[in-house]
Amino acid sequence: MSAPQKTTRRSLLVTSAMFSSLALSVPVSYAAPSPSPTPSATPPANMSTVGGERLGQPGTQVELASGVPVLPKDLSARSWIVADAESGEVLAAHNAHWRLAPASTMKMLFADTVLPKFPSSTKHKVVPSDLAGLGSGSSVVGIKEDETYTVHDLWLGVFLASGNDAVRVLSAMNGGIEATVEQMNEHAEELQALDTHVVSPDGYDAPRQVSSAYDLTLIARSGLQKKDFREYCSTVTAKFPGETKKNKKGKSVRGAFEIQNTNRLLRGDSDIPVYQGIAGVKNGYTSKAGYTFTGVAERDGRVLLVTVMNPEKDEHNEVYKETAKLFDWGFKAAGKVTPVGELVPPKSAEPSAQPGANDPGSGSGSGEAGGSGDGESSQKPVVGAAAEGGSSGIGIALGVTGGLLVLLAAGAFLVNRRWPLPDLVRRRR
């Protein structure tokens, strides 16, 4: 794309963002109606218009034109969205603002809210009250009372095993469930994820707990700015501390067991391969929510986010299959299709922010993701290959430009082309 074309495109984005900011000035009661006790079987006629008018309309929203590939057939999800993670353009969407039960994709908001508060090397001894309130049938990583875990261990349990027990322990460290839920709701509002209402921090089904494909994509985009978040959500397998037991000689020993990421596009399964370029983010399932998933993937320098909620097809790994189809479409359509909306910025986006000024990725206070002794050495992040060409200049650029580029003037919000995954040299091939 020539320089004049880039300038024109950027100007259009600025103009679009200005109108979006005006749309966001309507009362919150209109943009985010109070959550209904149970979502209806069909999308409401009027939904939030955050990100653009078309995103508030029911049904599929896409601008097909000459050269734009048609959308995949047989998509059965109640709601989905395909967006450019860096520019924020929404390439296509289906009931994007339909407020549905999110299941464990809610853990992305939990992590984005709580992860910066504790260095990964912090240790915590679990007491019985830490695990109180675990819902029946909850997914757990296997935390035991009276055992000590590092924060690094606990986050691996959250991201890989989707452990509600790990969420409960981290919430206890954070002042309790009630305080954590309040902070998550405040953070959702800050992100302008106004469809989201948190009741349980682990995503376990609860009355009035809802989110949307649009909001989950916003939340993932925010989380991926954090280095530790990127590291955890892209980890395939890791060693998790086991229970302390006495060996045959009567000596207390503590072993470890392997945990695997439940994201099938990252790990692969019998009927679905590892998706090329996948780098996270989070999946979920409950009987009320069905299967939910938000994923991020990179190909040829372009990073896409896809969220799929509750496919109606009752087939094995259907949520991942539909996500893969939407990724494939998005990579073919990107640069050809006219966006139908945008991912809006957080409320606190600063006008003075400069490219690479501060790396929001180091929010955990650990400096390096997973810096917790033996836990770090056992971690197996996504295997990757250096970018083609292999020049040190590219590597330096990927590291230096990890910060958020924000130009906020009269509602304009532009994002650095290298955000939010500057370390995708770890990408899957």
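Colleague: What does the side chain of S171 reach, and at what distance?

Modeller: In this predicted model, the side chain of S171 reaches the backbone oxygen of V167 at 2.8 Å.

Colleague: Which helix is S171 in?

Modeller: S171 belongs to helix α5, which covers residues 164–173.

Colleague: Is S171 buried or exposed?

Modeller: S171 is buried, because its relative accessible area is 0% and the cut-off for buried is under 20%.

Colleague: And which residues does S171 touch, leaving out those up to four places away in sequence?

Modeller: With those left out, S171 touches F110, G176, I177, T180 and P201.

Colleague: How is the packing of two helices described in general?

Modeller: One gives the angle between the two axes and the distance between those axes.

Colleague: What are those values for α3 and α7?

Modeller: Helix α3 (residues 107–114) and helix α7 (residues 213–223) pack at an angle of about 35 degrees, and their axes are 9 Å apart. The crossing of α3 past α7 is left-handed.

Colleague: Which residues meet there?

Modeller: From α3, the residues are M108, L109 and D112. In α7 they meet L216, I219, A220, S222 and G223. By type, the residues of this contact comprise 5 nonpolar, 2 polar and 1 charged.

Colleague: What polar contact does the side chain of N95 make?

Modeller: The side chain of N95 makes a polar contact with the side chain of H94, at 3.2 Å. Not counting residues up to four places away in sequence, N95 also touches P43, M47, P58, G59, R78 and S79.

Colleague: A change of topic: in what sense do β6 and β7 pair?

Modeller: Strand β6 (residues 235–246) and strand β7 (residues 252–260) pair in the antiparallel sense, over 8 bridges. As one example, K245 has V253 in β7 as its bridge partner.

Colleague: How many residues are between the strands of that hairpin, and which residue takes a positive phi?

Modeller: The hairpin of β6 and β7 has 5 residues between the strands, and G250 takes a positive phi near 85 degrees.

Conventions. Residues numbered from 1 in each chain as written. Predicted model: local features only at pLDDT ≥ 70, side-chain atom pairs only at ≥ 80, totals over all residues. Heavy atoms only, no water. Pairing = 2+ DSSP bridges. Helix = DSSP H or I, 4+ residues; strand = E, 2+ residues; numbered from the N terminus. Axes fitted to C-alpha atoms, helices over the stretch in contact; angles between N-to-C directions. Left-handed = near helix turned anticlockwise from the far one by under 90°. Contact = heavy atoms within 4.5 Å. Nonpolar A, V, L, I, M, F, W, Y, C, P; charged D, E, K, R; others polar. Polar contact = N/O pair within 3.5 Å; in protein donor to acceptor, adjacent residues only side chain to side chain. Buried < 20%, exposed > 50% of the residue type's maximum accessible area, 1.4 Å probe, protein only.
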